[in-house]
Amino acid sequence: MKKISIIFFVIIFLFCAKAFITQKNFISEAKKTDNSIKAVRYYERALLSYIPLSPYNKEAIQGILERCEKFKDTEQKLYCYETLRSALYQIRSFYQPYKDEIKNIEPSIAELKTKQMIQWKYNNFSEKDYQRLYNHHMEILKYDSSPSGLWSIISIFSLLAWIGSVFWIIIKGFNTPLNKKYLLIGFVSFVLFFSLWIIGLYIA
């Protein structure tokens with residue numbers, strides 16, 4: 001069991017180290033380029049390599065927001081804000097990081113979308129429709145489609161459990177001679193937790 005724990009923590013450490021280095025590289029590339037669209041994409045990739053407590057998470061968010069403010073074109077500005085919002089939702093697990101940032105940019109997205117609809121020549125909207133359209137977009141943006149917190153936790157736990165079961169079978173069951181008791185325990189645990197993981201993903 002001690003060996004399994006060590007292997008598990010080493011894997012987690014290597015995963016976090018790789019994500020941290022990836023974030024650093026993308027942030028560096030974003031700062032080098034003079035192309036604001038490319039910079040936003042680099043910052044987005046850095047954010048999608050999210051690991052908790054990394055200082056590069058906040059730096060990526062701030063980098064995108066700074067680029068958003070610089071865009072003069074409505075379509076580019078909207079693309080920028082929506083890229084940030086989408087990236088923040090993609091790093092969600094059983095909790096949502098940076099909820100305040102999402103709330104802060106949603107009015108800007110709704111405003112830009114409303115202006116686009118009014119300015120589009122094939123629409124019959126005018127400035128009189130602004131508030132109604134704005135409220136409509138805000139209602140869509142605030143719709144909560146987040147997964148169940150309980151089933152998300154169950155999914156994560158069962159994922160770790162069935163991976164642990166595989167290690168258990170390899171380390172404990174495949175000794176010489178074969179230990180049928182450990183093999184049975186490992187196999188039953190694998191089937192149970194793997195099934196629970198699939199169910200959790202479906203329901204969550």
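**Helix packing and surface**

Analyst: This is a predicted model.

User: Which residues of α4 are buried?

Analyst: They are Lys77, Leu78, Cys80, Tyr81, Thr83, Leu84, Arg85, Ala87 and Leu88.

User: What span should α4 have, and what does it have?

Analyst: Helix α4 covers residues 74–90, which is 17 residues, and at 1.5 Å a residue it should span 24 Å. Its end C-alpha atoms are 24 Å apart, so the two values agree.

User: OK, and α8? How many residues does it have?

Analyst: Helix α8 runs over residues 180–203 and has 24 residues. From its first C-alpha to its last it reaches 34 Å, close to the 34 Å expected.

User: Which of its residues are buried?

Analyst: In α8 the buried residues are Gly186, Phe193, Trp197 and Gly200. Their cover includes α7.

User: Take Ser155 then. Where is it?

Analyst: Ser155 is in helix α7. Leaving out residues up to four places away in sequence, Ser155 touches Trp197, Gly200 and Leu201. Two of these, Trp197 and Gly200, are among the buried residues of α8.

User: Is Ser155 buried or exposed?

Analyst: Buried, because its relative accessibility is 7% and the cut-off for buried is under 20%.

User: And Ile156, where is that, and why is it called partly exposed?

Analyst: Ile156 is also in helix α7. Its relative accessible area is 35%, so it falls between the 20% and 50% cut-offs. Ile156 belongs to a nonpolar patch on the surface, together with Phe8, Phe9, Ile12, Phe94, Tyr95, Ile153 and Leu160. Together the patch residues have about 740 Å² of accessible area.

User: Which helices supply at least two residues of the patch?

Analyst: α1 (2–32) and α7 (149–173) each do.

User: Change of topic. Which domains is the protein divided into?

Analyst: Domain 1 is 13–142 and domain 2 is 149–203. Their C-alpha centres lie 38 Å apart.

User: Last thing, the loops. What is the phi of Leu53?

Analyst: Leu53 has a positive phi of about 75°, although it is not a glycine. Leu53 is in the loop between α2 and α3, and it is exposed, with a relative accessible area of 85%.

User: And Tyr98? What is its phi?

Analyst: Tyr98 has a positive phi of about 55° and is not a glycine either. Tyr98 lies in the loop between α4 and α5, and at 23% relative accessibility it counts as partly exposed.

Conventions: Residues are numbered from 1 along each chain as its sequence is written. This is a predicted model: local features need pLDDT of at least 70, side-chain atom pairs count only at pLDDT 80 or more; totals for chains, interfaces and linings use all residues. Side-chain values use heavy atoms; hydrogens and water are left out. Patches are made of residues with over 30% relative accessible area and no salt bridge: like charges are joined within 9 Å, nonpolar side chains (Val, Leu, Ile, Met, Phe, Trp, Tyr) within 5 Å. Accessible areas come from the Shrake-Rupley method with a 1.4 Å probe; for residues, only the protein chains shown count as cover. A salt bridge is a side-chain nitrogen of Lys or Arg within 4 Å of a carboxyl oxygen of Asp or Glu. Helices (H or I, at least four residues) and strands (E, at least two) are DSSP runs, numbered from the N terminus. Buried means under 20% relative accessible area, exposed over 50%, partly exposed in between (1.4 Å probe, protein chains only). The expected span of a helix is 1.5 Å times one less than its number of residues. Contact means heavy atoms within 4.5 Å. Domain bounds come from an automatic or database domain assignment.
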